[in-house]
Amino acid sequence: MSATRNRKTLLAAAGLVTAAAFVLTACGSGDDSGKAVADVSTEAGTQKAATVLDQPFKKPDLVLTDTHGKKFDLREQTKDKPTLIYFGYTHCPDVCPLTMSNIAVAKKALPKSEQDKLQVVFVTTDPDRDTPAVLGKWLKAQDPDFIGLTGDFATIQGSARTLGISIEPTQKDKNGKLVSMHGTQVIAFSPKTNGGYILYGEDATVDDYTKDLPKIINGAKP
């Protein structure tokens, strides 16, 4: 199982604050001592996999390097497109590949015209190991159209923070294995407003994404 660590911060969001929380996870570490790192604002009574935010996130002003070694301006190149953003790393043994696989399977269930509209962006939390080539090979096994981004760790960490997602530098665990501590949320951005208005936790399933992606592509609430 994944693990969460203590460290609690509050994300200011207008409206109603609920128990929904972002968590910092060490993929594959097997420690279940978790606590929330940020509270978010959601619709009252929401029990779905998708949490609709009262106050959408602004898309990060982030320029990194894609899997082809080219500059990728996140705001500019995903403008007015339905976009899913996830922060993780290729050496993750569990949550990251499962999350990407779930999205990939759900995407394949869409009509081709809708598949072509959806942008799925994977931003590495372990840029020292996740070079463009490494990212490209790993994502190709999930979906060759997924966008992989790498670059300066401080830049990535700062951008994730604007979405309420915590990331720590890669470090060795008690067994000497390199792990990346990171939040495991997928955030969906509307093609109508470019705001990040829907959040998914690591428990979201293929069925959840299959049901919701058509609505996200149209900028609707799930």
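User: What percentage of the 222 residues of the chain count as buried?

Analyst: This is a predicted model, in which local features need pLDDT of at least 70 and side-chain atom pairs count only at pLDDT 80 or more, while totals for chains, interfaces and linings use all residues. Residues are numbered from 1 along each chain as its sequence is written, and side-chain values use heavy atoms, with hydrogens and water left out. Buried means under 20% relative accessible area, exposed over 50% and partly exposed in between, with a 1.4 Å probe and protein chains only. Among the 222 residues of the chain, the share that counts as buried is 50%.

User: How many helices and strands make up the secondary structure of the chain?

Analyst: Both are DSSP runs numbered from the N terminus, a helix being a run of H or I of at least four residues and a strand a run of E of at least two. Counted in this way, the secondary structure of the chain comes to six helices and 14 strands.

User: Which residues of the largest nonpolar core touch the most other members?

Analyst: A nonpolar core is a set of buried Ala, Val, Leu, Ile, Met, Phe, Trp, Tyr and Cys residues joined through side-chain atoms within 4.5 Å. In soluble globular proteins, nonpolar side chains tend to be buried together. The largest such core here has 30 residues, and those touching the most other members are L84, I103, F122, Y200, Y209, L213 and I216.

User: Which element gives the most residues to this core?

Analyst: At least two core residues come from each of β7 (83-88), α2 (95-108), β8 (119-124), α4 (132-140), β13 (186-189), β14 (195-200) and α6 (206-217). With six residues, the element that gives the most is α2.

User: Which residues does I216 contact, leaving aside its neighbours within four places in sequence?

Analyst: I216 is one of the buried residues of α6, and contact means that heavy atoms lie within 4.5 Å. Once the neighbours within four places are set aside, the residues in contact with I216 are P82, L84, A188, P191, Y197, I198 and Y200.

User: How far apart are the end C-alpha atoms of α6?

Analyst: The expected span of a helix is 1.5 Å times one less than its number of residues. For the twelve residues of α6 this gives 16 Å, which agrees with the model, because its end C-alpha atoms are separated by 16 Å.

User: How wide an arc do the buried residues of α6 cover around the axis?

Analyst: The buried residues of α6 are D208, Y209, D212, L213, I216 and I217. The arc is taken from the directions that lead from the helix axis to the C-beta atoms. These residues lie on the same side of α6, because their arc is only 130 degrees.

User: Which residue of β13 is the bridge partner of L84?

Analyst: Strands of a sheet pair through backbone hydrogen bonds, either parallel or antiparallel. β7 and β13 run antiparallel and are joined by four bridges. Within β13, the residue that partners L84 is A188.

User: How many of the six residues of β8 are buried?

Analyst: From β8, Q119, V121 and V123 point one way, while V120, F122 and T124 point the other way, and all are buried. The strand is therefore largely enclosed by the rest of the structure, the number of buried residues being six of the six.

User: What separates the C-alpha atoms of A104 and D145?

Analyst: A104 is found in helix α2 and counts as buried, because its relative accessibility is 4%. Not counting residues up to four places away in sequence, A104 touches Q142, D143 and F146. Although A104 and D145 are 41 residues apart along the chain, their C-alpha atoms are separated by 9.6 Å.

Methods. Two strands pair if DSSP finds at least two bridges between them.
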